[in-house]
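Here's a quick briefing to read with the model open beside you. Have the sequence and the 3D view ready, and we'll go through it topic by topic.

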Amino acid sequence: VLSLNNSYAYVSNYGSDNVAVINTKTESVVKTIPVGYEPIMISESPNGEYIFTANYGSNNITIVSTATDNVIANVNVGYNPYSVISNPAGTFLYVANSGSNNVTVINEQTFQPVASINVGDDPIALAVTPDGTRVFVTNYYSNNATIISTSTNKAIGTVALGADPLDIDLTTDGSFLYAANYGSNYLSY
């Protein structure tokens, strides 16, 4: 993940249980930040204030301040968190827990979990609509994406995808959803 000013890149290191902070001008590591066990995916808050890592092996996420590059919180979530994303307003985080088949919702001001939403089998990737009203999560073994209403924190439907969807993204206006399907070797939209 690049910082908002593109001066630093934050990279999760799955095998080293840390996040490397890389100066993009000098292309050198300036710091490593210890996080949970097996950090797999990383994302940034919309205002650039925080970096979030989903720590697959320790069943939590780590929240890092980009101003100090220090850990400010570790939040327990479901089993095997795979990815984490913030809504556009920077008020809630969504964590796809592949081992417990749910999504944890975290208040981004208090860093406390506020909901757990059951989804399909092996949720992996997340996408939030630009207006923040919906969250989509790919379910690897269910071959679909669950649609979550952010106003109720409830699953409101599914979208069929190809086999083994690994990644998901929305167009900037939210009108199209794209999924990379590992098992089908094609893109769904």
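Strand 2 and strand 3 (residues 28-34) run antiparallel and are joined by six bridges. Strands here are DSSP runs of E with at least two residues, numbered from the N terminus, and two strands pair if DSSP finds at least two bridges between them. This is a predicted model, where local features need pLDDT of at least 70 and side-chain atom pairs count only at pLDDT 80 or more, while totals for chains, interfaces and linings use all residues. Residues are numbered from 1 along each chain as its sequence is written, and side-chain values use heavy atoms, with hydrogens and water left out.

- Strand 2 (residues 18-23) is mostly covered, with five of its six residues buried; buried means under 20% relative accessible area, exposed over 50%, and partly exposed in between (1.4 Å probe, protein chains only).

- Strand 5 and strand 6 share six bridges in the antiparallel sense, and Thr-53 has Thr-62 in strand 6 as its bridge partner.

**The nonpolar core**

- The largest nonpolar core has 13 residues, and those with the most contacts inside it are Ile-61, Ile-63, Val-84 and Ile-106. Such a core is a set of buried Ala, Val, Leu, Ile, Met, Phe, Trp, Tyr and Cys residues joined through side-chain atoms within 4.5 Å.
- Strand 5, strand 6, strand 7 and strand 9 (92-97) are the elements that give two or more residues to this core.
- Strand 5 gives the most, with three residues.
- Val-84 is in contact (heavy atoms within 4.5 Å) with Ser-43, Phe-52, Thr-53, Ala-54, Ile-61, Leu-93, Tyr-94, Val-95 and Leu-126, leaving aside neighbours within four places in sequence.

**Aromatic pairs**

- Rings of Phe, Tyr and Trp (its six-membered ring) pair if their centres lie within 6.5 Å; planes under 30 degrees apart count as stacked, over 60 as edge-to-face and the rest as tilted. By this rule the count comes to five aromatic pairs.
- The Tyr-50 and Phe-111 rings have centres 5.4 Å apart and planes at 90°, so that pair is edge-to-face.
- Tyr-50 sits in strand 5 and Phe-111 in the loop between strand 10 and strand 11 (112-118), so the pair ties together parts 61 residues apart in sequence.
- Tyr-50 is buried, at 15% relative accessible area, and Phe-111 is buried at 13%.
- The rings of Tyr-56 and Tyr-82 are edge-to-face as well, because their centres are 6.3 Å apart and their planes are at 85°.
- This pair links distant parts of the chain, 26 residues apart: Tyr-56 is in the loop between strand 5 and strand 6, and Tyr-82 is in strand 8 (residues 81-86).
- Ring pairs also link Tyr-50, Phe-52 and Phe-111 into a cluster.

- Tyr-56 counts as partly exposed at 24% relative accessibility, and Tyr-82 is partly exposed at 22%.
- Not counting residues up to four places away in sequence, Tyr-56 touches several residues, including Tyr-14, Tyr-37, Pro-81 and Tyr-82.
- Asn-107 is found in strand 10 (residues 102-107) and is buried, with a relative accessible area of 17%.
- A polar atom of the Asn-107 side chain lies 2.7 Å from the backbone nitrogen of Gln-109.
- Beyond its neighbours within four places in sequence, Asn-107 is in contact with Thr-91, Phe-92, Gln-112 and Val-114.

Note on methods:
Helices (H or I, at least four residues) and strands (E, at least two) are DSSP runs, numbered from the N terminus. A polar contact is a pair of N or O atoms within 3.5 Å; within protein, one must be able to donate a hydrogen and the other to accept it, and residues adjacent in sequence count only if both atoms are side-chain atoms.
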